[in-house]
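The following note accompanies the structure shown below.

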Amino acid sequence: WGSEVSGEREAFSGRKKMLSRLLKEHHAKQNERKELQERRRREAIAAATCLTEALVDHLNVGVAQAYVNQRKLDHEVKTLQVQAGQFSKQTAQWIVMVEGFNQALKEIGDVENWARSIEVDMRTIATALEYVHKGQLTSASS
């Protein structure tokens, strides 16, 4: 009976050692899995950070180009506004000149009509004087 107890103790001690070893192995494997998981997490974070930086850099290039284009457009708009103002002033000056020219043409036409009227009147007077003069010559010779 004593040897049985001693055998059971040895068996229990063996099982205890085996369980202890299994527990240590389990903890070691668990620690390895945690370390692997942590390493993969850090790698994933690093990859995501690189991707994010690349995307931001790509977007920044587009944004910078859009900003440059917007500045160019703003400059072109200002230039066009200045040129449109100058063209408007020049057009107004041309309109004044054309109206003045039209008025001068009307005046020339009026002077021409006046001159024709005077010429007709003078011919009428000259014809009348000629008629009177011929009438006086005919009565003086008779």
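1. Basis of the note. Arg116 counts as partly exposed because its relative accessibility is 45%; the class lies between buried, under 20% relative accessible area, and exposed, over 50%, with a 1.4 Å probe and protein chains only. This is a predicted model, in which local features need pLDDT of at least 70 and side-chain atom pairs count only at pLDDT 80 or more, while totals for chains, interfaces and linings use all residues. Residues are numbered from 1 along each chain as its sequence is written, and side-chain values use heavy atoms, with hydrogens and water left out.

2. The pair Arg116 and Glu112. Arg116 forms a salt bridge with Glu112, and their closest N and O atoms are 2.3 Å apart; a salt bridge here is a side-chain nitrogen of Lys or Arg within 4 Å of a carboxyl oxygen of Asp or Glu. Both residues lie in helix α1, four residues apart, which is about one turn of the helix. Glu112, at 39% relative accessibility, is partly exposed.

3. Overall fold. The protein has one helix and zero strands, where helices (H or I, at least four residues) and strands (E, at least two) are DSSP runs numbered from the N terminus. Helix α1 covers residues 2–141. Along the principal axes, the C-alpha atoms fill a box of roughly 205 × 20 × 10 Å. The radius of gyration is 60 Å, whereas a compact globule of 142 residues would have one near 14 Å; the radius is taken over C-alpha atoms, and the globule rule is 2.2 Å times the number of residues to the power 0.38.

4. Of the 142 residues, 0% are buried. The protein exposes about 13,300 Å², with 62% of this supplied by carbon and sulfur atoms; areas come from the Shrake-Rupley method with a 1.4 Å probe, and for residues only the protein chains shown count as cover. There are 21 positive and 19 negative charges, and their mean positions are 18 Å apart. Lys and Arg count as positive and Asp and Glu as negative, without His and the chain ends; each charge is placed at NZ of Lys, CZ of Arg, CG of Asp or CD of Glu.

5. Other salt bridges. How many salt bridges does a search of the whole structure find? The search finds six. In one of them the side chains of Glu43 and Arg39 meet at 3.7 Å, N to O. Glu43 and Arg39 are about one helical turn apart because they are four residues apart in helix α1. Glu43 is partly exposed at 47% relative accessibility, and Arg39 is likewise partly exposed at 43%.

6. Glu119 is partly exposed at 39% relative accessibility, whereas Arg123 counts as exposed at 54%. Elsewhere, salt bridges that share partners join Glu38, Arg41 and Arg42 into one network.

7. Nonpolar patch. Val111, Trp114, Ile118, Met122, Ile125 and Leu129 make a nonpolar surface patch of about 640 Å². Patches consist of residues with over 30% relative accessible area and no salt bridge; like charges are joined within 9 Å and nonpolar side chains (Val, Leu, Ile, Met, Phe, Trp, Tyr) within 5 Å. Trp114 belongs to helix α1 and is exposed, at 56% relative accessibility.

8. Phe101. Phe101 is placed in helix α1 and counts as exposed because its relative accessibility is 53%. Phe101 and Met122 are 21 residues apart in sequence and 31 Å apart in space, C-alpha to C-alpha.
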